[in-house]
Amino acid sequence: MKKLFTLLAVVFSIASFAQTPVINGVYNPAEGWGPAVATGNGTVGWADANARTLYVTYDNNYVYFGAECSAQAWQQFVIAINNRPGGSNTDSWGRSITYNHTNRPDFLIRGDIAGGNYAEIHTWSGTAWGGLTTNINNAGTEVKGIFAGTAPFNGFLEVRVPRSVIGWGLLGDVQFIIGGNNNDHGCFDAIPNDNNSSDWNLPASATSLSNYVTNVTMPANLGFFKGEVKNNTATISWLSNTESNFSHYEVEASNNASNWNKIATVIAKGNNSNYTATAAINQNTWYRLKMVDKDGSFAYCNAVLLKVTGKKGNIELLGNPVKDQIKISINNDKITNYTAEIFSLEGKRMAVKNYQHAGGVTTLSIEAPSAKGTYFVRFTNNGIITDVLKVLVD
């Protein structure tokens with residue numbers, strides 16, 4: 001069983017956006033994918049399918065899967081995930097695939113590959129597969145197909161799954177599969193490599209799979225990561241629950257959540273250790289940890305934004321909780337074009353509003369979501385995230 005540890009920040013942080021993959025069918029290493037968890041053998045499988053590279057990452061709200069691959073327009077993908085006892089060896093869509101892994105899949109995500117807008121999450125209840133015929137990709141925000149040009153199309157497939165669905169603890173084992181679009185079809189190619197179909201129809205099309213990606217771990221499991229400002233000094237602190245084959249932390253800072261600079265290196269002390277780093281601060285600044293394993297692999301924790309009070313450029317809520325209107329004070333001498341977006345706790349964008357700040361102190365009003373609950377208002381300027389505000393709608 002592989003483990004992908006959960007990083008829990010004490011506060012909601014910009015990393016959920018700034019260091020989170022954008023589901024657009026384009027691989028961008030700056031989005032926090034990290035190193036590939038597995039690669040294919042380079043050999044094209046049945047019917048031009050070629051699964052080449054698999055990525056897995058996550059943030060506070062989602063687990064993300066990315067696959068570099070090529071396929072025909074009519075082909076479909078399956079992501080098999082095991083993260084609990086039990087599971088099923090049957091394919092939820094009725095394909096001619098048998099899952100003979102030691103730990104059988106608990107979730108099967110299947111959907112279109114070539115630019116389609118359809119995908120489903122199937123969950124094993126212990127007796128049957130659930131979630132069939134429920135499209136999770138109506139808005140085209142959960143899965144992006146990839147291909148353009150001449151078949152076999154070539155590109156990057158991105159999928160995100162709410163952690164509330166898949167679980168908050170161990171992610172488990174993963175296999176990425178390219179298959180066909182009817183029940184006779186089996187596996188055409190997979191990461192990790194496995195058995196492929198050798199014909200269009202049964203019995204030669206039937207395949208038995210047994211290989212997962214395993215031992216894909218984050219190098220440290222944090223109990224918390226937080227910061228505070230006193231007397232123009234930022235104090236960053238965190239707790240490690242576990243540090244497996246772990247080397248050190250690098251504290252990074254940014255004034256725009258895009259360009260980061262290392263400001264400190266902290267050597268690992270072992271499990272259940274408290275850490276602290278300090279830095280002078282004279283403007284609103286983002287801080288994050290780069291967690292480096294002994295083999296050089298690394299992962300980023302969620303970032304926190306520390307604000308210098310009384311500084312121009314602040315964006316602050318005028319009252320919280322709110323009812324019908326979210327009112328926000330903007331203190332900035334410059335004429336600035338902002339985009340304000342409201343997100344739910346699950347990361348769903350609820351509303352967007354473009355606003356031209358005239359300079360000085362102005363007030364922006366945005367209609368609050370109709371449902372009570374906790375939301376986040378994200379501000380961007382020229383594509384750079386400047387602020388994220390936590391709002392309670394009562």
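The charged end of lysine 269 sits over the ring of tyrosine 275, 4.8 Å from the ring centre, where a charge counts as over a ring if NZ of Lys or CZ of Arg is within 6 Å of the ring centre and within 35 degrees of the ring normal. This is a predicted model, in which local features need pLDDT of at least 70 and side-chain atom pairs count only at pLDDT 80 or more, while totals for chains, interfaces and linings use all residues. Residues are numbered from 1 along each chain as its sequence is written, and side-chain values use heavy atoms, with hydrogens and water left out.

**Aromatic residues**

- A search of the whole structure finds 16 aromatic pairs, a pair being rings of Phe, Tyr and Trp (its six-membered ring) whose centres lie within 6.5 Å, with planes under 30 degrees apart counted as stacked, over 60 as edge-to-face and the rest as tilted.
- The rings of tyrosine 62 and tyrosine 64 form a tilted pair, because their centres are 6.0 Å apart and their planes stand at 55°.
- Tyrosine 62 counts as buried at 6% relative accessibility, and tyrosine 64 counts as buried at 1%; buried means under 20% relative accessible area, exposed over 50% and partly exposed in between (1.4 Å probe, protein chains only).
- Arginine 160 lies over the face of tyrosine 62, at 4.0 Å from the ring centre.

- β4 pairs in the antiparallel sense with strand β6 (residues 107-112) over six bridges, and phenylalanine 77 stands opposite glycine 111 in β6; two strands pair if DSSP finds at least two bridges between them.
- β4 also pairs in the antiparallel sense with strand β11 (residues 173-179), over seven bridges, and there glutamine 175 is the bridge partner of alanine 80.

**Glutamine 175**

- Glutamine 175 lies in strand β11 and counts as buried at 0% relative accessibility.
- The backbone oxygen of proline 192 lies 3.2 Å from a polar atom of the side chain of glutamine 175.
- Leaving aside neighbours within four places in sequence, glutamine 175 is in contact (heavy atoms within 4.5 Å) with residues including Val78, Ile79, Ala80, His101, Asp194 and Tyr212.

**Serine 92**

- Serine 92 has its place in the loop between β4 and β5 (97-99), and counts as buried at 11% relative accessibility.
- Not counting residues up to four places away in sequence, serine 92 touches Leu108, His122, Trp129 and Leu132.
- A polar contact of 2.4 Å joins the side chains of serine 92 and histidine 122; such a contact is a pair of N or O atoms within 3.5 Å, where within protein one must be able to donate a hydrogen and the other to accept it, and residues adjacent in sequence count only if both atoms are side-chain atoms.

**A four-strand sheet**

- An open sheet of four strands has the order β25-β24-β27-β28, with antiparallel pairing, and its edge strands β25 (349-357) and β28 (384-393) each pair on one side only.
- Strand β27 (residues 373-381) is joined to β28 by nine bridges, and asparagine 381 stands opposite isoleucine 384 in β28.

Terms used:
Helix = DSSP H or I, 4+ residues; strand = E, 2+ residues; numbered from the N terminus.
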